[in-house]
Amino acid sequence: MRKVERSEIKDLVAYEKARDAMRARVIAIKKDRRVALGENLTVLFENRDTVLFQIQEMCRVERITDDARVQDELDVYNALLPRPGELSATLFIEITEKDEIQLVLDRFMGIDVGPTVWLQVGREFAVPGEFEAGHSDEEKGKLSAVHFVRFAFPPEAVRAFAEAPVHLVVDHPAERARVELPADTKAELLLDLRG
């Protein structure tokens, strides 16, 4: 997937004018790329549109106008784009009650270690999620509510993805769930896998 380039990032004034339309378009895109996984987890499969929107939003919220800082945002978020044969996702630990934040996060400690989240393609292929490091510290009891996960598919699993049922699975003491990907989601993700 082609990286987002500096020339595509609108200045703050231009983005403010285009924001409502861009936001509506990306919300529609995310509809087929978001999967609820159990009670507290949501997985959003990223693509170029979702990443571009996130960069624009970060620049807007943090009032970033300096080219070097914009490039920093580009570098961080472009790293989320999947390469051919991969899917890339953001896993959110959803917490609705403010007074439950620490309790829920404590329950999910270790979610980013080991094979806890994977895509099951038919019966043959379990494609494990590889979590980006640095979003937890078990010794200090700290866990982020946002994690970046990459799924690297062997070529045979990419081929099977188009025909076989595909399930997103979590197996962790705080959450065990298995969700079949809807046809529209599979179609979107197959585009990512094929590059």
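**The aromatic pairs and their surroundings**

A: Let's start inside: Phe 45 and Phe 151 are both buried (buried is under 20% relative accessible area, exposed over 50%, partly exposed in between, with a 1.4 Å probe and protein chains only). This is a predicted model, where local features need pLDDT of at least 70 and side-chain atom pairs count only at pLDDT 80 or more, while totals for chains, interfaces and linings use all residues. Residues are numbered from 1 along each chain as its sequence is written, and side-chain values use heavy atoms, leaving out hydrogens and water.

There are 2 aromatic pairs, counting Phe, Tyr and Trp rings (for Trp, the six-membered one) with centres within 6.5 Å; planes under 30 degrees apart are stacked, over 60 edge-to-face, the rest tilted. Phe 45 and Phe 151 make a tilted one, 6.2 Å centre to centre with 45° between the planes. Phe 45 sits in strand 2 and Phe 151 in strand 8, so this pair ties together parts 106 residues apart in sequence. (Strands are DSSP E runs of at least two residues, helices H or I runs of at least four, numbered from the N terminus.) The other pair, Phe 153 with Phe 161, is edge-to-face: 5.9 Å between centres, 75° between planes. Phe 153 is buried at 8% relative accessible area, and Phe 161 is buried at 0%.

Now for the strands around Phe 45. Strand 2 (residues 41-45) runs antiparallel to strand 3 over 5 bridges (strands pair if DSSP finds at least two bridges between them), and Phe 45 has Ala 89 of strand 3 as its bridge partner. Strand 3 is also joined to strand 8 (residues 146-152), antiparallel, by 7 bridges; there, Thr 90 stands opposite Phe 148. Strand 3 (residues 86-93) has 7 of its 8 residues buried, so the rest of the structure largely encloses it.

Of its 14 lining residues, Leu 44, Glu 46, Gln 54, Thr 90 and Phe 92 are the closest to the centre. Strand 2, helix 2 (48-61), strand 3 and strand 8 each give two or more residues to that lining. (A pocket is an open set of points on a 1 Å grid over the protein atoms alone, where a 1.4 Å probe fits, with protein on both sides within 12 Å along at least five of seven lines; lining residues have an atom within 4 Å of a point.
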